[in-house]
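Here is a short briefing for a first look. Start with the view below, then work through the points by topic.

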Amino acid sequence: MATPSSRRLEADAAQIGRLVDGLFRYAEEGTFISFRAFDQHERGRPPVFIEPEEVNGNLGRIAARAVALATKAANTKAPAVFAPPIATFKTAISASMADLANGVALSVELDAGDTTLARRRLEHLLGPATLVVASGGEWSDPDTGEVHPKLHLHWRLNEPTRTADEHALLTEARWLATTLANGDRTGVPPCHPLRWPGSWHRNG
């Protein structure tokens, strides 16, 4: 949707709160969430901003910070996407796989094909997803013209991953689920940024 130049856009606090409570509930204190926004159109550019937030058991405070930063991303001059990784990290500085502290969810990014059918297939195997997020984009079938919403599916782990071996197992599970659903394989690593619900989709 277009961004009116004369109006300040506000993030949806309820949706962001649901994501934080739903997916970061078991994240360990002393780890860091890496709040990030990126250029909407050029992935190769450096992040628009990186703002770390330490996990201290207060999910409300984390959600409030996320709302403030998603609002900031919504009002940048050039379109930006608010897309922090659904994971926590060892330090406030970096958010690579080497820095991963907690993998908190099995996430699958569905950007093409019949996403509703792919969701059903995965939920038949894994049970209902903790969160199903419509990312704001759509995919049109070139043969039928049928339009399907792009989706992010998240299953919260009963316990976060903590060790390199556990992170590797989670990555493998994400790869298998993504492959089965014909999803976007760039979303397999737990450190991969994903658009958060409640933020503004400024692709247009």
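Asn 75 is partly exposed, because its relative accessible area of 30% falls between the cut-offs of 20% and 50%. Keep in mind that this is a predicted model.

**Around Asn 75**
- Asn 75 sits in the loop that links helix 2 (59-74) to strand 3 (80-82).
- Leaving out residues up to four places away in sequence, Asn 75 touches Arg 7, Arg 8, Leu 9 and Arg 202.
- Leu 9 is 66 residues away along the chain, but its C-alpha atom is 6.3 Å from that of Asn 75.
- The Asn 75 side chain reaches the backbone oxygen of Leu 9 at 2.8 Å.
- A polar atom of that Asn 75 side chain also lies 2.7 Å from the backbone oxygen of Thr 71.

**Salt bridges**
- Side chains of opposite charge can pair when their charged atoms come close.
- The whole structure holds nine salt bridges.
- Arg 25 and Asp 21 form one of them, at 3.0 Å from N to O.
- Arg 25 is partly exposed at 38%, and Asp 21 is partly exposed at 37%.
- Arg 45 pairs with Asp 39, with the closest N and O atoms 3.3 Å apart.
- Here Arg 45 is partly exposed at 43%, whereas Asp 39 is buried at 13%.
- Arg 61 pairs with Glu 53, and their closest N and O atoms are 1.8 Å apart.
- Shared partners join Glu 51, Glu 53, Arg 61 and Arg 65 into one salt-bridge network.

**A nonpolar surface patch**
- Leu 125, Leu 126 and Leu 180 make up a nonpolar patch on the surface, with about 280 Å² of accessible area together.
- Leu 180 belongs to helix 4 (residues 164-180) and is partly exposed at 40% relative accessibility.

Methods
Residues numbered from 1 in each chain as written. Predicted model: local features only at pLDDT ≥ 70, side-chain atom pairs only at ≥ 80, totals over all residues. Heavy atoms only, no water. Helix = DSSP H or I, 4+ residues; strand = E, 2+ residues; numbered from the N terminus. Buried < 20%, exposed > 50% of the residue type's maximum accessible area, 1.4 Å probe, protein only. Contact = heavy atoms within 4.5 Å. Polar contact = N/O pair within 3.5 Å; in protein donor to acceptor, adjacent residues only side chain to side chain. Patch = residues over 30% accessible without salt bridge, like charges linked within 9 Å, V, L, I, M, F, W, Y side chains within 5 Å. Areas by Shrake-Rupley, 256 points an atom, 1.4 Å probe, with all protein chains shown as cover. Salt bridge = Lys/Arg side-chain N within 4 Å of Asp/Glu carboxyl O.
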